[in-house]
Amino acid sequence: SNPLHGEVHQDMGQPLCHYFIASSHNTYLSGDQLLSQSRADMYARVLQAGCRCVEVDCWDGPDGEPVVHHGYTLTSKILFRDVAETINKYAFIKNEFPVILSIENHCSIQQQKKIAQYLKEIFGDKLDLSSVSTGDPRQLPSPQDLKGKILVKV
């Protein structure tokens, strides 16, 4: 493969909504949507392949620990904490542009609080806690402004 294809040759200073963003659906699944294994290392794989938006389907798990899996199916369950740690480790190896966590939330308030705690603990300063209060997409920050940041979309 041509190493030049990994470089960015465009203006990354426009509002985030001006770009197509490489996204992954059911990122945690190693195969089909009904029976396959959920694996945290799937996040490492897609992030290193250039994906910048990953999906995390969160459900109440045992012992107060939120889990990630495809709900109402026979896919296996993995701990949310393990997913967050994998994302933290691999998010910015290939490039520094922001990573968006697309969280599909099916958790009780108690386990949502646990998710928030893990996001803050694991991502630390990388977690972008600024909120966009305007309805005007032209006011969104740019990929350049958000380098090295993890954004949460719920």
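Is Arg-39 buried, exposed or partly exposed, and what is the relative accessible area of this residue? In this predicted model, Arg-39 has a relative accessible area of 30% and is therefore partly exposed.

**Figure 1. The salt bridge between Asp-41 and Arg-39.** The closest N and O atoms of the two residues are 2.8 Å apart. Asp-41 is partly exposed, its relative accessible area being 38%. Arg-39 is likewise classed as partly exposed, at 30%. In total, the structure holds 4 salt bridges.

**Figure 2. The salt bridge between Lys-114 and Glu-65.** The side chains meet at an N to O distance of 3.2 Å. Distant parts of the chain are linked by this pair: Lys-114 belongs to helix α3 (residues 109–123), whereas Glu-65 lies in the loop between β1 and β2, 49 residues apart. Lys-114 counts as partly exposed because its relative accessibility is 23%, which falls between the limits of 20% and 50%.

**Figure 3. The salt-bridge network of Arg-81, Glu-85 and Glu-121.** Glu-121 is located in helix α3 and Arg-81 in helix α2 (residues 80–90), so that the pair ties together parts 40 residues apart in sequence. Glu-121 is partly exposed, with a relative accessible area of 46%; Arg-81 is also partly exposed, at 28%.

Figure 4. Strand β1 (residues 53–59) runs antiparallel to β2, and 2 bridges join them. Trp-59 stands opposite Val-67 in β2.

**Figure 5. The surroundings of Thr-75.** Thr-75 is found in the loop between β2 (67–68) and β3 (78–79). Its relative accessibility is 3%, and Thr-75 therefore counts as buried. Apart from neighbours within four places in sequence, the residues in contact with Thr-75 are Leu-29, Asp-32, Gln-33, Leu-34, Leu-35, Ser-36, Ser-38, His-69 and His-70. The C-alpha atom of Thr-75 is separated by 24 Å from that of Val-152, a residue 77 residues apart from Thr-75 along the chain.

Terms used:
Residues numbered from 1 in each chain as written. Predicted model: local features only at pLDDT ≥ 70, side-chain atom pairs only at ≥ 80, totals over all residues. Heavy atoms only, no water. Helix = DSSP H or I, 4+ residues; strand = E, 2+ residues; numbered from the N terminus. Buried < 20%, exposed > 50% of the residue type's maximum accessible area, 1.4 Å probe, protein only. Contact = heavy atoms within 4.5 Å. Pairing = 2+ DSSP bridges.
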